[in-house]
Amino acid sequence: MDIETLANLSREERRFAPPAEFAANANLTAVAYEEATRDRLGFWEKQAERLTWDTRWDRVLDWSNPPFAKWFVGGRLNAAYNAVDRHVEEGAGDKVAFHWIGEPADDARSITYSELKDEVCQAANALVDLGVQAGDRVAIYMPMIPETVVAMLACARLGAPHTVVFGGFSAEALASRIEDCQAKIVITADGGYRRGVPSALKPAVDEALAKLGSRSAVDHVLVVRRTGQTIPFDEVTDVWWHELVASQSVEHTCESFDSEHPLYVMYTSGTTGAPKGILHTTGGYLTGAAYTHWGVFDLKAETDVYWCTADVGWVTGHSYLVYGPLINRTTSVIYEGVPDSPHKGRWWEIIEKYGVTILYTAPTAIRTFMKWGDEIPAKHDLSSLRLLGSVGEPINPEAYVWYRETIGGGRTPVVDTWWQTETGAIMVSPLPGVSDAKPGSAMRAIPGIVADVVNDEGASVPDGTGGYLVIREPWPSMLRTLWGDDQRFKETYWSRWEGMYFAGDGAKKDEDGDVWVLGRVDDVMNVSGHRLSTTEIESALVSHPKVAEAAVVGANDETTGQAVCAYVILREAAGDGGSDIVQELRDHVARGIGAIAKPRQILIVAELPKTRSGKIMRRLLRDVAENREVGDVSTLADSTVMNLIAVGASTSAED
Ligand code: PRX
């Protein structure tokens, strides 16, 4: 974030105190901060009691071999039992777990806890038939349909860690994830709906497996029929969900697993080309997801209708669409499609129809709605809403205030929640019944979490100063390692300062000590709340036969937060690349990673700015991409290079 934005943030003086009634009934009060400070581990033990354990732990935390933590040591439990079965056993079987809404109008289904339990048991039995055992990995590549949640829970029930790959990722991205975790089964669908049109998924699985050949450990592909479109189907490896799952018994006795048994692997972008497999385990992760979902969203399970708009292919979908809400016996909404299909008021229509009380979404969506105009939400009764949440990237104060006023009618607290795939659960956030929220600030570490902002030496910075956001003490839902790469885990997160987890974000403590997250300080971009690595996109570009070299930066973007801007040097043999070169390269990136990684802008240039040691100076490229005066060029090997790039920039195509 630049100096100007920083200065603007520090001028932000609006404060929003919780409404009195909200504060009086809040799940978490100021006392929780004191309690957790006095006895942090005792506080977490209390939170772990939200779960039903077959065997209670005998030690809260084993931190004898940092950074490898063990939480609730000796405890045993089953994740799916906690999410589903116990609610049915306690008499809540008829409560709706999910109101699922398909993208095509009138395509909807409400699923009770007892129906969900039956389907999860059937799917678990089906997976057993396919040879899945505890510890086996299962890849899930699905649209936002109920079967996706059922598939995740069936895996969890069997102790088979799932790895959900976002349906927007390409065959290539899917292949690298299937290979890295050596998945045994892939669960997918023929396709999903996207803006009213069936969009195929299964062919990407076939392509991924063909590409991997003998490097794949996949025995079977289980396919849900969602769109009914024609897809290739192999009678030996492919199995229809409706044939195998529907015929299974609804009885399945689940086993309990060690608290540290792997629950899932979620791949996310790092600073190198290879995505990192973030490993989350069972007891601690579920404790973190359930506690934060209850506390930060002030969940009243009996009356709330909760909607997290994230795709289940991201960590937000895991913690706040599946595990947190189900553990807390919530009634949630799941929506399959995009916000503007069939019209731009679709979300508000859903909120009105289902009486949604809590909405959790991303700043990029909020900014898009702002752009579309106030008259669209104004056509709907949104008075059921009582709390709004934001996640995934810094929310600018204007978007925050718009969200609060236009969607929340000026009465709803807004929680700006900072966390990461790695942290598993919300870490820094206002408490809706306690905090005098400041638009743009994630405020303070929630009770139980010890966060800080430090300088280059790792020393805590005084109030009113910027630095790096770190976590000083282990927490239950922390990642345990990177799948198959303990060394990279240590180096990436724990090597910068002794004993501290470094998240990769810059932050500022204001005069009151409240935290303002400023965004990544590494080569990771945040586009529409999704993490993308500059290196990963550069590698995708360089794999094109016409490309010699590429440099990628994230430039500020009014709607998506950051946008991908690529600078490309073509190979000599490619000449000027042809008139469609920009489109060709954008499509190439989409094939390599997924449509979300498509550069907004590609500039064909003759040179790239490099230091004498050959490092690309992305800072200068960001200046160009953001139409700023180019900064200090004194460390460039050739200081005239920027003139060439500026010329290139003004003449290049953009779409
Ligand atoms: O840069 C921070 C940003 O998103 C990153 C984590 O991305 P990911 O692992 O994909 O998880 C997204 C959903 C939790 C962080 O390093 N980020 C997330 N939430 C916020 C945020 N930046 C500012 N404010 C937030 N509330």
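Analyst: Contact here means that heavy atoms lie within 4.5 Å. The model is a predicted one.

User: With which residues is Y323 in contact, leaving aside its neighbours within four places in sequence?

Analyst: The list is M152, L153, A156, H162, L263, Y264, Y285, L286 and H318. Each pair has heavy atoms within 4.5 Å, so each is called a contact.

User: What makes Y323 stand out in the largest nonpolar core?

Analyst: That core has 114 residues. Y323 is among those that touch the most other members, along with L116, L153, I187 and L326. Helix α7, residues 146-158, gives the most to this core, with nine residues.

User: How many disulfides does the structure hold, and why is C181 in none?

Analyst: The structure holds zero. A disulfide needs two cysteine sulfur atoms within 2.5 Å. The closest cysteine sulfur to that of C181 is in C155, at 11 Å, so the pair is too far apart for a bond.

User: What about C308?

Analyst: C308 is in no disulfide either. Its nearest cysteine sulfur also belongs to C155, 20 Å away.

User: What is the strand order in the open sheet, and which strands stand at the edges?

Analyst: The order of the four strands is β21-β22-β24-β25, with antiparallel pairing. The edges are β21 (451-454) and β25 (515-520). Each has a single partner strand, so one side of each is left without a neighbour in the sheet. From one strand to the next, the twist averages 40°.

User: How do you know that β24 and β25 pair?

Analyst: Pairing takes at least two bridges between the strands. Strand β24, residues 501-509, is joined to β25 by five, so the two count as paired, and they run antiparallel. Among the partners, K508 is bridged to W516. G506 stands opposite G519. D505 has R520 as its bridge partner.

User: What lies between β24 and β25?

Analyst: Five residues separate them, and the two strands form a hairpin. In the turn, G513 has a positive phi of about 85°.

User: What joins β22 to β24?

Analyst: Six bridges join β22 (residues 465-471) to β24, in the antiparallel sense. At least two are needed, so these strands pair too. G466 stands opposite K508.

User: Why are β24 and β25 called largely enclosed?

Analyst: For β24, nine of the nine residues are buried, so the rest of the structure largely encloses that strand. For β25, the count is five of the six, so the conclusion is that β25 is largely enclosed as well.

User: What makes S435 buried or exposed, and where is its place?

Analyst: S435 is in the loop between β20 (414-417) and β21. Its relative accessible area is 11%, under the 20% limit, so S435 is buried. Beyond four places in sequence, S435 is in contact with F16, A17, P18, Y33, P430 and M443.

User: Which backbone nitrogen lies 2.8 Å from a polar atom of the S435 side chain?

Analyst: That of L431. The limit for a polar contact is 3.5 Å, and 2.8 Å is within it.

User: Which residues of helix α13 are buried?

Analyst: In α13, residues 346-354, the buried residues include R346, W347, W348, I350, I351 and Y354. Just after α13, G355 takes a positive phi of about 65°.

Key:
Residues are numbered from 1 along each chain as its sequence is written. This is a predicted model: local features need pLDDT of at least 70, side-chain atom pairs count only at pLDDT 80 or more; totals for chains, interfaces and linings use all residues. Side-chain values use heavy atoms; hydrogens and water are left out. A nonpolar core is a set of buried Ala, Val, Leu, Ile, Met, Phe, Trp, Tyr and Cys residues joined through side-chain atoms within 4.5 Å. Buried means under 20% relative accessible area, exposed over 50%, partly exposed in between (1.4 Å probe, protein chains only). Axes are lines fitted to C-alpha atoms, for helices over the stretch in contact, and angles run from 0 to 180 degrees between N-to-C directions. A polar contact is a pair of N or O atoms within 3.5 Å; within protein, one must be able to donate a hydrogen and the other to accept it, and residues adjacent in sequence count only if both atoms are side-chain atoms.
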